[in-house]
Amino acid sequence: MVHLEIRKASKQDIEGVAKVYVDGWRTTYRGLVPNQYLDELSYEEAENRWMQFLDNENEPFMYVAMNSEGKIVGFASGRSIKEKHFTGELYALYLLQDCRGLGVGRQLVSAVARHFKESGIHSILVWVMEQNKSGLGFYKRMGGQEYIHRTSTFGETVVDDVAYGWNDISVLYDEKPNKAN
C-alpha cells in the first residue's frame, strides 16, 4: 500500500480536485457512457460543482490524497443524508489512473469513515454504476452490502446504479496489524 498524505480538503484544493474528477471520469467511464459526454467535461465546470458541494447545507466534506510532490492524486467526499437505513453517504471517490490498486482509495474511504464516526454517523452508503466492475469489486472487498438500485442518465445513455451500504462503518477504519502508516 502506498502511503500519501491524506488530509481534509479546503477550497484551495478545488482546482486539483476538479482535475482528478474529470480525468477520473474519462478513464473510468470510457465505454460505459457516451464519449461525447466525457469529452465535454470541463475542469472549470467541475471546479464550480465541487465548490458548490462544499457550500451545501448537508454538512459535506472532502479529503484529498497528495503525493510527495504535493499534487492531488485522489479525493473522497461525504455528506449526511436522511435515508431509511443510512445517515451518511460516501458521495464520491476518484483517483488518477496511475494510483489505482495501490491502497489510495482504501485510505481515502477510511478517512471519510473516521470523519463520519466523529460526527456521530455510523452507517453509510455509496452509489456505484453497475457497469463499473472495478468499482463494484472495490466496495465488495471493503465489506459493502448491496442495498438498492436506481438509474442515472448521462447524455442519451441510461445506466443502472447500485448502492452498497455499511451498517457499521468501523470496518472501514479499524487499524489492521500490518497496515502501512
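Predicted model: local features only at pLDDT ≥ 70, side-chain atom pairs only at ≥ 80, totals over all residues.

Reply: Residues are numbered from 1 along each chain as its sequence is written, and side-chain values use heavy atoms, without hydrogens and water.

Me: Why is the pair of tryptophan 25 and tyrosine 37 called tilted?

Reply: Rings of Phe, Tyr and Trp (its six-membered ring) pair if their centres lie within 6.5 Å; planes under 30 degrees apart count as stacked, over 60 as edge-to-face and the rest as tilted. Here the centres are 5.9 Å apart and the planes stand at 55°, so the pair is tilted.

Me: What makes tryptophan 25 buried?

Reply: Buried means under 20% relative accessible area, exposed over 50% and partly exposed in between (1.4 Å probe, protein chains only). Tryptophan 25 has 6%, and therefore counts as buried. Tyrosine 37, at 26%, is therefore partly exposed.

Me: Why is the pair of phenylalanine 53 and tyrosine 91 called stacked?

Reply: Their ring centres are 4.8 Å apart and their planes lie at 20°, so this pair is stacked.

Me: Which of these terms, buried or partly exposed, applies to phenylalanine 53, and which to tyrosine 91?

Reply: Phenylalanine 53 has a relative accessible area of 8%, so it is buried. Tyrosine 91 reaches 27% and is therefore partly exposed.

Me: How many aromatic pairs does a search of the whole structure find?

Reply: The search finds 17 aromatic pairs.
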